[in-house]
Amino acid sequence: MVTLAAEPLTPDAFAPYGRVVQFPVRSPDAEGPGWRWWAETALLAGDGRPWGVGYLDLEPVAAQFDWAERHMRTLEGVFATAGDLLVYVGPGDHPDEPGRVPPLERFRVFRVPAGSGVVMDRGVWHGEPLAIGGPTRALVLILEGTERHDVTVARFPDTPVRIEEAPLSRP
């Protein structure tokens, strides 16, 4: 069984897979009593389809995975709302062979703190995030129809990947 250590989420570490969305370090674009607004903290390129907002209700399960999927035409954003998540990703190699899974040792796992998220590039292998320490929720941004027209799923039940959880780390 392959074991991967969950890593703290940083923009540099996640760069090969996409972008990190977290609390902005720049001044707000607008503000008022009790609120601050930052516009366009991440831009998502589309292909003419509308963006959908999905909702994940997550319960803690064993820290492992035995499947992954990827979307060759679609970016996907996953945002931790109530608690931290583990997000696993694999390189988007071989776009001409959508079903070709990279060696499982090349996957990485990131601890995404509540209030942060990631936007995965096209072709990046990933699966549903895992809850840490208790039930939680996440929002998912994905183009309409992706699950019907732009998904390749690979299952590897005989060789699951175990995850060692990372300690809590806040940016």
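Student: What should I know about the model before we start?
Tutor: The model is predicted, so local features need pLDDT of at least 70 and side-chain atom pairs count only at pLDDT 80 or more, while totals for chains, interfaces and linings use all residues. Residues are numbered from 1 along each chain as its sequence is written, and side-chain values use heavy atoms, with hydrogens and water left out.

Student: How many helices and strands are there?
Tutor: The protein has 2 helices and 16 strands. These are DSSP runs numbered from the N terminus, with helices (H or I) of at least four residues and strands (E) of at least two.

Student: What is the radius of gyration, and what would a compact globule have?
Tutor: The protein has 16 Å, which agrees with the value near 16 Å for a compact globule with 171 residues. The radius is taken over C-alpha atoms, and the globule rule is 2.2 Å times the number of residues to the power 0.38. Along the principal axes, the C-alpha atoms fill a box of roughly 55 × 40 × 30 Å.

Student: What share of the residues is buried?
Tutor: Buried residues are 43% of the 171. Buried means under 20% relative accessible area, exposed means over 50%, and partly exposed lies in between (1.4 Å probe, protein chains only).

Student: Which residues touch the most other members in the largest nonpolar core?
Tutor: They are F14, V89 and V118, in a core of 21 residues. At least two core residues come from each of several elements, including α1 (11–14), β9 (85–90) and β11 (117–120). A nonpolar core is a set of buried Ala, Val, Leu, Ile, Met, Phe, Trp, Tyr and Cys residues joined through side-chain atoms within 4.5 Å.

Student: Why would such residues be buried together?
Tutor: In soluble globular proteins, nonpolar side chains tend to be buried together.

Student: Which residues are in a second core?
Tutor: A separate core of 18 residues includes V2, W125, A154 and F156.

Student: Back to V118, what is it in contact with?
Tutor: Leaving aside neighbours within four places in sequence, V118 is in contact with residues including L9, F14, R19 and V112. Contact means heavy atoms within 4.5 Å.

Student: And V140, where is that, and is it buried or exposed?
Tutor: V140 lies in strand β14 and counts as buried, at 10% relative accessibility. V140 and V53 are 87 residues apart in sequence, yet 5.6 Å apart in space, C-alpha to C-alpha. Beyond its neighbours within four places in sequence, V140 is in contact with G52, V53, G54, L56, E76, G77 and V78.

Student: What about D93, where is it found?
Tutor: D93 is found in the loop between β9 and β10. D93 is partly exposed, with a relative accessible area of 27%. Leaving aside neighbours within four places in sequence, D93 is in contact with R70 and R106.

Student: What is the phi of H94?
Tutor: H94 has a positive phi of about 55°, although it is not a glycine. H94 is in the loop between β9 and β10 and is partly exposed, with a relative accessible area of 31%.

Student: What about the phi of E40?
Tutor: The phi of E40 is near 50°, a positive value in a residue other than glycine. E40 is exposed, with a relative accessible area of 65%, and its place is in the loop between β4 (35–37) and β5.
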